[in-house]
There are 2 protein chains.
Amino acid sequence: MAKNREFPLAQVYRLLEPGPVLLVTTARSGRANVMPMSWYTMMEFVPPLVGCVISNQNHTFEMLRASGECVINVPTVELAKKVVACGNVSGRSVDKFKKFNLTPVAGAVVKAPLIAECYANLECKLVDRKLVTKYNFFILEVVKAWIDPRQKRPRTMHHRGEGVFLVPDRMIKLPSPKTSLLPK
Amino acid sequence: MAKNREFPLAQVYRLLEPGPVLLVTTARSGRANVMPMSWYTMMEFVPPLVGCVISNQNHTFEMLRASGECVINVPTVELAKKVVACGNVSGRSVDKFKKFNLTPVAGAVVKAPLIAECYANLECKLVDRKLVTKYNFFILEVVKAWIDPRQKRPRTMHHRGEGVFLVPDRMIKLPSPKTSLLPK
């Protein structure tokens, strides 16, 4: 490995995390919260399962654990400043919907609000808590999904850490006999 | 939600998965294999933990379960055709390193080979099998990480399903008092 340089273990997340940043909304006792999240993975196609890590230091952790529900919202780069702002204050002390002028919309299934400004909104139920205590890892089932059809080329934000985001501006298509590269 | 259109549950993965496609290598009884993977998440900063879904239909599932080790390789868009090709044949019948002209390099800790052509290589140990049976979900600890310092602006590939990939060509930086948006 002469050509390569060892890379710090503590920075490994910067290589792997650039899926799109999400905004997770939760509700409890008539109050709603919103938090950016980058640590998640699809776990099953149908029903769609999403696994995600939410720190027990975050207000959303308790909101999600108590309510058993949330909404995953997919923001585009136009919302970049609001996304970063949402990650820098706590919902314990601030109503982020009001402070950052985000529009809550009632969902069809869960009590947590959808964010109107986001490209997509996924209503989720918490279906497996086995790894919550050890890893802060929640398994969610997407029970209803919404998309904004007016956004033909949504440019998502992919967090690389420390306020740096990649923005996919290019698309390539390669013939792939398998429908998906992913495990089925 | 008048402005939005309901989105098919079975397509939800196309919204969430665009983290960079990875190539996972495994080794067992002197044979190595390589598989593209998009379903994974960071789970902890230090030591870096990565959770990933690998279908029990894939050769890599048995290789990883038996050996308890793998390497996560991060390819760039220059390897796009090989990445897709690796996802369309099984390592049970084909030596993909030979067939696709990928160069195996010995790791420092694990027996699975690193792929020389990739931008980054993460040597991993399987540390938690609790969700393997139910969700095909493996928790890996990155024990050694390598990066190619010559690649200053690596353009990763972000799979959107059906052979379509997003390529991040643009970077934006926003001031963020917190080091990371992510849970710590």
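In which sense do strand 5 and strand 10 of chain B pair, and over how many bridges?

1. Strand 5 (residues 49-53) and strand 10 of chain B pair in the antiparallel sense over five bridges; two strands count as paired if DSSP finds at least two bridges between them. Strands are DSSP runs (E, at least two residues) numbered from the N terminus. V50(B) has L140(B) as its bridge partner in strand 10 of chain B.

2. The model is predicted: local features need pLDDT of at least 70, and side-chain atom pairs count only at pLDDT 80 or more, whereas totals for chains, interfaces and linings use all residues. Residues are numbered from 1 along each chain as its sequence is written, chains are lettered from A in the order in which they are written, and side-chain values use heavy atoms, without hydrogens and water.

3. Strand 10 of chain B (residues 137-147) is largely enclosed by the rest of the structure, because eight of its eleven residues are buried (under 20% relative accessible area, 1.4 Å probe, protein chains only). Strand 9 of chain B runs antiparallel to strand 10 of chain B, joined by eight bridges, and A120(B) stands opposite I147(B).

4. E123(B) lies in strand 9 of chain B (residues 120-128). E123(B) is buried without a salt bridge, and K144(B), the nearest side chain of opposite charge, is 7.0 Å away; a salt bridge requires a side-chain nitrogen of Lys or Arg within 4 Å of a carboxyl oxygen of Asp or Glu. The E123(B) side chain does reach the backbone nitrogen of V110(B) at 3.0 Å.

Definitions and conventions. Helix = DSSP H or I, 4+ residues; strand = E, 2+ residues; numbered from the N terminus. Buried < 20%, exposed > 50% of the residue type's maximum accessible area, 1.4 Å probe, protein only. Lys, Arg positive; Asp, Glu negative; His and termini not counted. Polar contact = N/O pair within 3.5 Å; in protein donor to acceptor, adjacent residues only side chain to side chain.
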